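Take a look at the chain below.

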Amino acid sequence: MLYVAAAAALFAALQMHSDLGAHALGAALFGSLAGIYFALAQRGGRMRELELCEQSAPLYAREVARAIASVPILGVVISLAGYWIVTGISSGPTDLVAAPVFLSMACACAVSIVALCATVRTGFWQAVYIVLAAVIAATVVMLEYPQLPAAFLFCGIAGFIALRQFGEALARWDPAPF
């Protein structure tokens with residue numbers, strides 16, 4: 001998480017002389033990419049013992065889905081906090097507005113939850129969920145300035161549906177081969 005936060009801070013420093021719109025666009029897109037990375041890295045089969053421990057916990061699938069989703073969301077929030085801190089230092093904290101900051105975080109959180117749905121699927125459907133995560137990020141970026149409340153609402157609905165879908169997929173998923 002710290003490497004991605006450092007990359008976000010470097011990305012913000014490279015955009016030092018940009019306006020707030022460019023910063024909001026950069027934060028939403030970088031945060032979305034970071035969310036997809038965190039989601040795929042967390043559940044990519046690298047820590048098989050940890051994944052089996054999660055599946056054997058005495059929790060319902062929706063509770064496990066919420067617990068699993070908290071890790072990429074935390075990573076996205078930390079990396080985007082680094083981005084916006086560097087932006088505030090370079091352009092002055094009086095120039096920042098809270099709406100692009102929170103919208104970029106909401107967009108990245110929704111995208112990371114959709115990308116988590118790809119981790120319990122294989123092949124074509126895994127690619128579909130990754131492309132869907134990218135489409136959600138692009139849609140939020142297009143909705144950002146003309147309709148800011150619509151962008152927040154879209155992020156909330158997409159994140160809620162994706163988290164429910166991830167919980168249902170975890171309930172049906174049986175990773176033990178017989």
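## Overall layout

Reading from the N terminus, the elements run α-α-α-α-α-α-α. That makes seven helices and zero strands. Keep in mind that this is a predicted model.

The chain has 178 residues, and 41% of them count as buried. Now take the contacts between residues at least 6 apart in sequence. Of these, 78% join residues at least 24 apart.

## How α5 meets α7

Helix α5 covers residues 98–117, and helix α7 covers residues 148–172. Angles under 35 degrees count as roughly parallel, so α5 and α7 are roughly parallel to each other. Their crossing is left-handed.

Which residues make the contact? On α5 they include A99, F102, A106 and I113. On α7 they include L148, F152, G159 and F166. The residues of this contact divide into 18 nonpolar, two polar and no charged.

## The nonpolar cores

The largest nonpolar core holds 30 residues. Within this core, C107, V111, F166 and L170 touch the most other members. Five helices each supply at least two of its residues: α2 (20–42), α4 (61–91), α5, α6 (124–143) and α7. Which helix gives the most to this core? Helix α5 does, with nine residues.

A second core is separate and has 15 residues. Among them are V4, A34, L80 and W84.

Note on methods. Residues are numbered from 1 along each chain as its sequence is written. This is a predicted model: local features need pLDDT of at least 70, side-chain atom pairs count only at pLDDT 80 or more; totals for chains, interfaces and linings use all residues. Side-chain values use heavy atoms; hydrogens and water are left out. Axes are lines fitted to C-alpha atoms, for helices over the stretch in contact, and angles run from 0 to 180 degrees between N-to-C directions. Helices (H or I, at least four residues) and strands (E, at least two) are DSSP runs, numbered from the N terminus. Angles under 35 degrees count as roughly parallel, over 145 as roughly antiparallel, 65 to 115 as roughly perpendicular and the rest as oblique. A crossing is left-handed if the near helix is turned anticlockwise from the far one by less than a right angle, and right-handed if clockwise. Contact means heavy atoms within 4.5 Å. Ala, Val, Leu, Ile, Met, Phe, Trp, Tyr, Cys and Pro count as nonpolar, Asp, Glu, Lys and Arg as charged, and the others, Gly among them, as polar. A nonpolar core is a set of buried Ala, Val, Leu, Ile, Met, Phe, Trp, Tyr and Cys residues joined through side-chain atoms within 4.5 Å. Buried means under 20% relative accessible area, exposed over 50%, partly exposed in between (1.4 Å probe, protein chains only).
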